[in-house]
Amino acid sequence: MVKHIILWKLKDGYSEEEALKIKNGIKEGLEGLKGQIPGLLDIRVHTLGLASSNMDLMLDSAFESEEALKVYANHPAHVAVADGKVRPYTMTRSCMDFEE
């Protein structure tokens, strides 16, 4: 199994209400991919970090294989969510992929 972990920081200037709406949209969009992409085993987005956090969101996803992760990265449903709900609102992205 391959884990794909992403941390994002939202762009500056959003009100608390705007940030919450953006984070919920990202969560809904990404978690909605479950069952749509071959090899995607699990996908969860965490939006409520503790005060000690320095990032705003975390994607925790699992794939059958590294090849399945590559399919996900280029799948039209994922690209649509990334381009429509994630990239316009985030300024920092950190990623770690690993086998478990």
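The following dialogue goes through some values computed from a predicted model and what they are taken to show.

Student: What makes the fold pattern β-α-β-β-α-α-β?

Tutor: That is the order of the elements when the protein is read along its sequence. The protein has 3 helices and 4 strands.

Student: Why does the radius of gyration of the protein agree with that of a compact globule?

Tutor: For 100 residues, a compact globule would have a radius of gyration near 13 Å. The protein has 13 Å, so the value agrees with the rule. As for its extent, the C-alpha trace spans about 40 × 25 × 20 Å along the principal axes.

Student: What share of the contacts in the protein, with a separation of 6 or more, joins residues 24 or more positions apart?

Tutor: Such pairs account for 70% of those contacts.

Student: What percentage of the residues count as buried?

Tutor: Of the 100 residues, 38% do. To count as buried, a residue must have under 20% relative accessible area.

Student: Why is M1 called partly exposed?

Tutor: The relative accessibility of M1 is 41%. Buried means under 20% and exposed means over 50%. The value for M1 lies between these cut-offs, so M1 counts as partly exposed.

Student: Where is M1 placed, and which residues is M1 in contact with beyond its neighbours in sequence?

Tutor: M1 sits in the segment before β1. Leaving aside neighbours within four places in sequence, M1 touches L41, A62, F63, E64, F98, E99 and E100. A contact requires heavy atoms within 4.5 Å. Separately, L69 is 68 residues from M1 along the chain, and the C-alpha atoms of M1 and L69 are separated by 10 Å.

Student: How do you know which parts of the chain line the largest pocket?

Tutor: A lining residue has an atom within 4 Å of a pocket point. The lining holds 17 residues, and I6, W8, H78, R87 and R93 lie nearest the centre of the pocket. The elements giving two or more residues to that lining are β1 (2-10), α2 (66-74), α3 (76-86) and β4 (90-99). The largest share, 5 residues, comes from β4.

Student: How much space lies in the largest pocket, and what classes of residue line the pocket?

Tutor: The space is about 280 Å³. Of the lining residues, 10 are nonpolar, 4 polar and 3 charged.

How values were computed. Residues are numbered from 1 along each chain as its sequence is written. This is a predicted model: local features need pLDDT of at least 70, side-chain atom pairs count only at pLDDT 80 or more; totals for chains, interfaces and linings use all residues. Side-chain values use heavy atoms; hydrogens and water are left out. On a 1 Å grid over the protein atoms alone, a cavity is a set of points where a 1.4 Å probe fits but cannot get out, and a pocket is an open set with protein on both sides within 12 Å along at least five of seven lines; lining residues have an atom within 4 Å of a point. Grid points are joined across faces, edges and corners, and a volume is the space filled by probe spheres set on the points. Ala, Val, Leu, Ile, Met, Phe, Trp, Tyr, Cys and Pro count as nonpolar, Asp, Glu, Lys and Arg as charged, and the others, Gly among them, as polar. The radius of gyration is taken over C-alpha atoms; the globule rule is 2.2 Å times the number of residues to the power 0.38. Buried means under 20% relative accessible area, exposed over 50%, partly exposed in between (1.4 Å probe, protein chains only).
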